[in-house]
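Hi,

Here is the structure I promised to pass on. Have a look at it first, and then read my notes below.

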Amino acid sequence: MPQQVQTRAAVFLDRDGTIIEEVNYLRDSAEVRIIPAAIEGLLILQEHFPLVIITNQAGIARGYLDENQLDQIHGHLRALLAQSGISLAGIYYCPHHPQAGYPPYRRNCRCRKPKQGMLLAAAADLALDLSVSYTIGDKLSDIAAGKSAGTHTILVRTGYGKGHEHQISREGIFPDYISDDLLDAAAWIMESQGRLTKRR
Ligand SMILES: [Zn+2]
């Protein structure tokens with residue numbers, strides 16, 4: 001008999017404007033500020049799901065920071081989250097931009113959201129079932145990536161979220177839910193889980 005690989009649901013999270021305060025091209029650990037409601041939301045979600053950050057970091061292609069600096073920022077973010085008892089299953093970033101900078105970073109990659117490459121890579125690495133997973137972000141590019149990968153999607157009103165909420169109809173990219181923040185998103189996910197369980 002072929003060996004069954006156990007897959008599981010995950011929550012994919014945008015970084016800037018969703019977990020941490022939006023800063024235009026954040027390049028210094030000192031600029032990392034976690035949104036308070038994000039802590040509460042992540043504490044709930046991590047009881048049930050692996051948490052995976054997926055983030056476009058075109059600042060690398062643009063030469064604003066290099067990958068070592070980005071690793072330091074992510075180390076600092078992990079340390080801040082750990083102080084609240086939160087641990088991430090992974091952080092995936094896209095350093096590319098289709099027009100800015102120079103190769104290898106200037107290219108039409110498959111990972112830059114709204115493409116779904118980072119979600120597919122994480123699903124392969126961590127044995128995740130995308131069809132029962134969730135994507136949360138403050139931009140419609142997050143929602144588009146999550147939908148392309150086959151996940152449920154939630155637009156948060158933090159970061160750029162309120163502005164992007166107004167563009168939903170024009171862009172034709174409809175999230176499954178719109179939440180005030182990550183805590184509200186976590187509550188909706190837990191409630192939708194309850195509904196699914198009751199239906200069985
Ligand atoms: Zn990329």
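Which residues touch the most other members of the largest nonpolar core? They are Val11, Ile136 and Ile189, in a core of 34 residues. Keep in mind as you read that this is a predicted model.

Several elements give two or more residues to this core: strands E1 (11–13), E2 (51–56), E4 (134–137) and E5 (152–156), along with helices H1 (36–45), H2 (67–83) and H7 (182–199). The largest share comes from H7, with five residues. Leaving aside neighbours within four places in sequence, Ile189 is in contact with Val11, Leu45, Phe49, Tyr134, Ile136 and Ile154. Apart from this core lies another one, made of 17 residues, and Val52, Tyr92, Cys94 and Leu126 are among them.

Cys94 also turns up at the metal. The zinc ion has four protein donors, namely Cys94 (SG), His96 (ND1), Cys109 (SG) and Cys111 (SG), at 2.0 to 2.3 Å. The angles among the four donor atoms run from 103 to 118 degrees, and the site is tetrahedral. Along the sequence, the donor residues follow the spacing C-x1-H-x12-C-x1-C. Cys94 sits in strand E3 (residues 90–94) while Cys111 is in the loop between E3 and helix H3 (117–126), so this pair ties together parts 17 residues apart in sequence. Are these two cysteines buried or exposed? Cys94 has 0% relative accessibility and counts as buried. Cys111 is buried too, because its relative accessible area of 17% falls under the 20% cut-off.

Next, take a look at Pro50, in the loop between H1 and E2. Pro50 is buried, with a relative accessible area of 14%. Leaving aside neighbours within four places in sequence, its contacts are Arg8, Ala9, Ala10, Val11, Ala89 and Leu128. The C-alpha atoms of Pro50 and Ser87 are 8.8 Å apart, although 37 residues separate the two along the chain.

Now for the charged pairs. Side chains of opposite charge can pair when their charged atoms come close.

- Asp16 and Arg15 form one of them, with their closest N and O atoms 2.5 Å apart. Asp16 is buried at a relative accessible area of 15%, and Arg15 is buried at 0%.
- Asp142 and Lys113 meet at 2.7 Å, N to O. Asp142 belongs to helix H4 (residues 140–148) and Lys113 to the loop between E3 and H3, so the pair ties together parts 29 residues apart in sequence. Both count as buried, Asp142 with a relative accessible area of 3% and Lys113 at 4% relative accessibility.
- Asp180 and Arg157 pair at 2.6 Å, N to O. Asp180 is in the loop between strand E6 (177–179) and H7, and Arg157 is in the loop between E5 and helix H5 (161–165), so the link spans 23 residues. Asp180 counts as partly exposed at 44% relative accessibility, and Arg157 counts as partly exposed at 27%.

There is also a network: Asp14, Lys113 and Asp142 are joined by salt bridges that share partners.

Conventions: Residues are numbered from 1 along each chain as its sequence is written. This is a predicted model: local features need pLDDT of at least 70, side-chain atom pairs count only at pLDDT 80 or more; totals for chains, interfaces and linings use all residues. Side-chain values use heavy atoms; hydrogens and water are left out. A nonpolar core is a set of buried Ala, Val, Leu, Ile, Met, Phe, Trp, Tyr and Cys residues joined through side-chain atoms within 4.5 Å. Buried means under 20% relative accessible area, exposed over 50%, partly exposed in between (1.4 Å probe, protein chains only). Helices (H or I, at least four residues) and strands (E, at least two) are DSSP runs, numbered from the N terminus. Contact means heavy atoms within 4.5 Å. Donors are N, O and S atoms within 2.8 Å of the metal (3.2 Å for Na, K and Ca); water is not among the atoms, so sites may look incomplete. Four donors count as tetrahedral if all angles lie between 85 and 135 degrees; four count as square planar and six as octahedral if opposite donors are over 155 degrees apart and all others between 65 and 115; anything else is irregular. A salt bridge is a side-chain nitrogen of Lys or Arg within 4 Å of a carboxyl oxygen of Asp or Glu.
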